[in-house]
Amino acid sequence: MELRQLRYFVETAHRRSITKAASALHIVQPALTAQIKALEEELGTRLLERSARGVSLTESGEAVLRDATAILRAVDQLKRRHATTPSSGRAVKIGIPNGMTRTFAGQLLERARQEGRFEVELIEGMSGHLLEWLKSGRLDISVLFASQPLRQLHVSKLTTDVIDLVGPSGALHDTQPVQFKDLGRYPLILPTAKHGLTRLIHAQARLAGVELQQHATLDSIAEIKHLVSQGVGYTLLAPMVYQPEKDQGLLSAAPLCDPTLTRDLVTATRRAHEDDDIAQARALVHDICGCRQGIAGIRS
């Protein structure tokens, strides 16, 4: 049993909603559900009843909520009374690809604050830019996609990222996959060629003998999503990047098939510059991503 499972359960119990609790905790709903299920399995009892209107506590859930609340309160008091590990006084600069920040940034900042060993500065950007900033020393550590060259870096895999076809609202459907050979029918708006995703897409298209319609190139994921939502074209993105706009009814998406399009999500540091703070920050990123069961591959 882990303290974060108790925190997740208490937050869900108070909000009576998986959706609201996941938003408050800055994690995706499937990961929150998985952690609560793991807690239920360890305790051997059902804690929550799910319904279309949200969740309610079972009798066992009411008792566990009282105990969990007391435990978390005691832990917080213990930290306040006896915390003696000072911050190193430096900020570890962590690069996050566009669209991933809201996925787990809040939890990363909160965990770093709780542990109190180092400060965190998050810098968001296109994956290609993050790689340049990491190599130049502007970043200490970065979450990157392994579809771009990562030579002379210390790289650790986080998860596998699934890429879907994304279009304006109502144009695509989750249950109707698009064959890769048919991708040439869609006018695409993609990042510029120096970014790993675009190189991956074109490489796969060459292997499949597919001639793509590249309608436009932009260096802003936010602007690409906006243009797609306006019906200007289509794009290819991971669920974690397009999901917020899809939930708002601005975008639609369909999985690719024959073949699917995937890429590895990794953390990377410069080999000669990984001190204790950077190593701890890397471990923290892996811990948060790991407990969410592969943030990049989850379709909400």
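Colleague: What share of the contacts in the protein with a separation of 6 or more comes from residues 24 or more positions apart?

Modeller: Such residues account for 76% of those contacts, where contact means heavy atoms within 4.5 Å. This is a predicted model, in which local features need pLDDT of at least 70, side-chain atom pairs count only at pLDDT 80 or more, and totals for chains, interfaces and linings use all residues. Residues are numbered from 1 along each chain as its sequence is written, and side-chain values use heavy atoms, without hydrogens and water.

Colleague: Why are helix 1 and helix 3 called roughly perpendicular?

Modeller: The axes of helix 1 (residues 3-15) and helix 3 (residues 29-43) cross at roughly 110° and come within 9 Å. Axes are lines fitted to C-alpha atoms over the stretch in contact, with angles from 0 to 180 degrees between N-to-C directions. Angles of 65 to 115 degrees count as roughly perpendicular, and the two helices are therefore described in that way.

Colleague: Which residues make the contact?

Modeller: Helix 1 contributes Arg4, Gln5, Leu6, Tyr8, Phe9 and Thr12, and helix 3 contributes Leu32, Gln35, Ile36, Ala38, Leu39 and Glu42.

Colleague: How many residues of the protein count as buried?

Modeller: Of the 300 residues, 49% count as buried, that is, under 20% relative accessible area with a 1.4 Å probe, protein chains only.

Colleague: What makes residues 291-300 a region for caution?

Modeller: The pLDDT, the predictor's confidence in each residue from 0 to 100, stays under 50 over residues 291-300, whereas the protein averages 82. Where pLDDT is low, the predicted coordinates should not be read in detail.

Technical notes. Helices (H or I, at least four residues) and strands (E, at least two) are DSSP runs, numbered from the N terminus. Angles under 35 degrees count as roughly parallel, over 145 as roughly antiparallel, 65 to 115 as roughly perpendicular and the rest as oblique. Buried means under 20% relative accessible area, exposed over 50%, partly exposed in between (1.4 Å probe, protein chains only).
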